[in-house]
Amino acid sequence: MTRTQDPLLSAVAGGVRLFELGQPFFTGMPCSPNHPGFRMTLIRRHGDMLRPDGGSAANEIIVTGGHVGTHIDALSHVSHDGKLHGDVDAAQAQQGGVFTAHGAENLPGLLRRGVLLDVAAVHGVATLDAGYGITAADLEAAAELAGAEPGEGDVALVRTGWARNFDDVTAYLGKQTGVPGVTVEAARWLAERRVVATGADTTAYEQIPAGAGHAVLPVHRVLLVESGIYIMEHLNLEEVAEQGVREFAFLLAPLRIVGGTGSPIRPLAAVSA
């Protein structure tokens, strides 16, 4: 019997190449000073308990904040003047210890067009300077380099090259030096294009000037509160950039953490093999 196959299934059947866009999770990895760090340890080892047939099992306990490692921010993560996105009262929404509005269980699964905005490549460097502020003009130039501008419903990933520092906690967090990232004007450029989500390869996504730390994060306000655009942080965009992939299918499935403010993620970019 002849069966009509969905075009998406046909594309997958033809073979796809997947790129990891996230960092591995491990004890001691870089973490924003605003969040508890990731910890994992075995609580049962092979041999601690043996079954009658000789079998054994091991398992672990994991302790982590919702904004540690590669993750996505829910709309409950940031408020401004007491309001979450959509003029939701933040104090009322968080009563009882979980969010009753904009919780992480509402984070969408994503299978969308993704665009890599490689700002480091625009400047001809492996890594942007510490504390550099990415402008709207930078994003325009990165879109021109990619030959693809993000549009409504797309996912825009901004590469600074900072993921190269991930194994050096002090350098990656950049407390004294600052960290490159998106400025408010660049965030508004993305908001005007009505992307559904955006992410970067740094701790805070946005520009962190030298010595400023995470005391003020205006880009989070523009994207999460004003625009309802999800933010992903701690991405690793090195491989996809090195392979010259600028436009791809973006895949993401956040954990449905009821009442939470974010979720660990494992994002993927898919292109035809």
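Helices (H or I, at least four residues) and strands (E, at least two) are DSSP runs, numbered from the N terminus. With that in hand, Tyr205 turns up in the loop between β11 and α7. Before going on, keep in mind that this is a predicted model, where local features need pLDDT of at least 70 and side-chain atom pairs count only at pLDDT 80 or more, while totals for chains, interfaces and linings use all residues. Residues are numbered from 1 along each chain as its sequence is written, and side-chain values use heavy atoms, with hydrogens and water left out.

Let's start with helix α6, residues 184–192. Helix α7 (residues 218–226) packs against α6 at an angle of about 20 degrees, with the axes 8 Å apart. (Axes are lines fitted to C-alpha atoms, for helices over the stretch in contact, and angles run from 0 to 180 degrees between N-to-C directions.) That makes α6 roughly parallel to α7; angles under 35 degrees count as roughly parallel, over 145 as roughly antiparallel, 65 to 115 as roughly perpendicular and the rest as oblique. Where do they touch? Val184, Ala187 and Arg188 in α6 meet a set of α7 residues that includes Pro218, Val222 and Glu226, contact meaning heavy atoms within 4.5 Å.

Helix α4 (residues 136–146) also meets α6: their axes come within 7 Å and cross at roughly 50 degrees. The pair is therefore oblique. Among the residues making this contact are Leu139 and Ala143 of α4, and Trp189 and Leu190 of α6.

Now for the strands. Strand β12, residues 230–233, has both faces covered. Tyr230 and Met232 on one side and Ile231 and Glu233 on the other are all buried, where buried means under 20% relative accessible area, exposed over 50% and partly exposed in between (1.4 Å probe, protein chains only). In a regular strand the side chains alternate between the two faces of the sheet. Who are the neighbours of β12? Strand β4 (residues 71–73) pairs with β12 in the antiparallel sense over three bridges, and His71 stands opposite Glu233. Strand β11 (residues 197–200) pairs with β12 in the parallel sense, also over three bridges, with Gly199 opposite Met232. To count as paired, two strands need at least two bridges found by DSSP.

Most residues other than glycine have a negative phi. Yet phi is near 60 degrees for Arg194 and near 70 degrees for Tyr205. Arg194 sits in the loop between α6 and β11. Are these residues buried or exposed? Arg194 counts as exposed at 54% relative accessibility, whereas Tyr205 is buried at 0%.
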